[in-house]
Amino acid sequence: MKLKVNVLVYTILLTLFLGHPAYAQGPYNHSIGGVIGNLNGASFKMFFSDKVALQADFGFKFGNSYRYKYTYGYNYYTLSQMIFFTSLELNPNVLYQGDITQWDFANFYWFAGGGASIGCALNPTAFKFGLNAMGGVELTFRDMPLTVQADLRPGIGFVTRKGADPFFDYAFTLSARYVID
């Protein structure tokens with residue numbers, strides 16, 4: 001079963017990253033670099049059209065989250081405890097990006113969208129998945145092949161140990177990427 005899931009994930013990633021036609025779109029076509037913050041690792045972004053992009057980040061996520069517990073007799077969730085964990089995860093997001101302003105040296109953009117996170121919690125060892133929103137700002141330089149970005153990603157996550165434990169999952173990240181084309 002694990003082999004089938006890995007083959008499916010790799011096929012989807014290769015289709016997205018390599019099967020994409022290279023023609024002029026957005027402020028740039030592809031960029032690759034790093035991301036730091038609650039999520040530390042590699043970052044990749046590509047544009048499908050002038051305003052729609054896919055951003056995928058892969059790395060280690062450090063942080064604390066709040067676990068909620070469902071109270072069956074009263075039909076509501078209550079704050080159960082704060083949990084600290086580290087996870088290795090992939091976080092792809094589809095984004096809509098719009099212009100804010102244009103300067104002589106750079107262009108400033110806003111973006112909003114959403115995506116999913118999938119990975120492995122390392123402490124305690126468990127499968128982790130979730131859904132998140134994403135919003136932030138991006139600065140692309142005209143004379144340098146560089147883009148810098150700041151974003152916030154609130155969402156809901158689930159860690160599977162003895163069922164799926166829901167928790168408030170979030171990330172605040174800063175990234176810098178080299179513009180390939």
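**Cavities and aromatic contacts**

A search of the whole structure finds 2 cavities of 30 Å³ or more, a cavity being a set of points on a 1 Å grid over the protein atoms alone where a 1.4 Å probe fits but cannot get out. The model is a predicted one, in which local features need pLDDT of at least 70 and side-chain atom pairs count only at pLDDT 80 or more, while totals for chains, interfaces and linings use all residues. Residues are numbered from 1 along each chain as its sequence is written, and side-chain values use heavy atoms, with hydrogens and water left out.

The largest cavity holds about 100 Å³ of space, the volume being that filled by probe spheres set on the points. Its lining consists of 13 residues, of which Lys61, Glu89, Asn91, Asn132 and Asp169 lie nearest the centre; lining residues have an atom within 4 Å of a point.

Turning to the rings, the structure holds 9 aromatic pairs, counted where ring centres of Phe, Tyr or Trp (its six-membered ring) lie within 6.5 Å. Phenylalanine 129 and phenylalanine 158 form one that is stacked (planes under 30 degrees apart), with 5.2 Å centre to centre and 20° between the planes. Because phenylalanine 129 lies in strand β6 and phenylalanine 158 in strand β7, this pair ties together parts that are 29 residues apart in sequence; strands are DSSP runs of E, at least two residues, numbered from the N terminus. Trp103, Phe105, Phe108 and Phe141 form one aromatic cluster.

Note on methods:
1 Å grid on protein atoms, 1.4 Å probe; cavity = no way out; pocket = protein on both sides within 12 Å on 5 of 7 lines; lining within 4 Å. Phe/Tyr/Trp six-rings, centres within 6.5 Å; stacked < 30°, edge-to-face > 60°. Helix = DSSP H or I, 4+ residues; strand = E, 2+ residues; numbered from the N terminus.
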